[in-house]
Amino acid sequence: RIDANLNLRATIAPGADAKAVQVQIRIDPADLLLREEGDTFSGAVTFLIADRGASGPIGDPMLTGFPIHLTREQYVTAMKEGIPIAQAHAINDAIQKLRVIVLDQGSNIAGSLTIPASGN
């Protein structure tokens, strides 16, 4: 069974300074096409974080590739907690929400969600 989208969770944490936040993304590995090779699981996702203001999109999002290489122990943990991706993201007062989109490069299945930029 292949679902139409990836299950994602995301949270915002304060960044290194007032002009940045730390976006914490967790992806359900059961939704990804991971290759099992002995005691390792590998794959890759591409993700973007897009800024949204009161009147719509702000600026151009940047695509980021994220290779996934998990040991069997990391895979077992990820099945419970999700695969973590942490990304520093510049922010300003005009940005109200962040749109997170993740694409599994193995299956071309995507998932997305929108979160408040302030983390409130």
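Is Pro67 buried or exposed? Pro67 is exposed, its relative accessible area being 51%, where exposed denotes over 50%, buried under 20% and partly exposed the range in between, computed with a 1.4 Å probe on protein chains only.

## Basis of the model

The model is predicted, with local features requiring pLDDT of at least 70 and side-chain atom pairs counted only at pLDDT 80 or more, whereas totals for chains, interfaces and linings use all residues. Residues are numbered from 1 along each chain as its sequence is written, and side-chain values rest on heavy atoms, with hydrogens and water left out.

## Pro67 and its surroundings

Pro67 belongs to strand S6, residues 64-71; strands are DSSP runs of E with at least two residues, and they are numbered from the N terminus. Once residues up to four places away in sequence are set aside, Pro67 touches Gly43 and Ala44, a contact being heavy atoms within 4.5 Å. Between Pro67 and Gly43 the C-alpha to C-alpha separation is 6.2 Å, although the two residues stand 24 apart in sequence.

## Two buried aspartates

Asp31, in the loop that runs between strand S2 (20-27) and strand S3 (35-37), is buried with a relative accessible area of 15%. A polar atom of the Asp31 side chain lies 2.7 Å from the backbone nitrogen of Asn7.

Asp51, located in strand S4 (residues 40-53), is buried yet has no salt bridge, and the nearest side chain of opposite charge, that of Arg52, is 9.4 Å away. A salt bridge here requires a side-chain nitrogen of Lys or Arg within 4 Å of a carboxyl oxygen of Asp or Glu, and in assigning charge His and the chain ends are not counted. Beyond its neighbours within four places in sequence, Asp51 is in contact with residues including Gly56, Pro57, Ile58, His89 and Lys97.

Strands S2 and S7 pair in the antiparallel sense over 8 bridges, and Val23 has Gln87 in S7 as its bridge partner.

How values were computed: Helices (H or I, at least four residues) and strands (E, at least two) are DSSP runs, numbered from the N terminus. A polar contact is a pair of N or O atoms within 3.5 Å; within protein, one must be able to donate a hydrogen and the other to accept it, and residues adjacent in sequence count only if both atoms are side-chain atoms. Two strands pair if DSSP finds at least two bridges between them.
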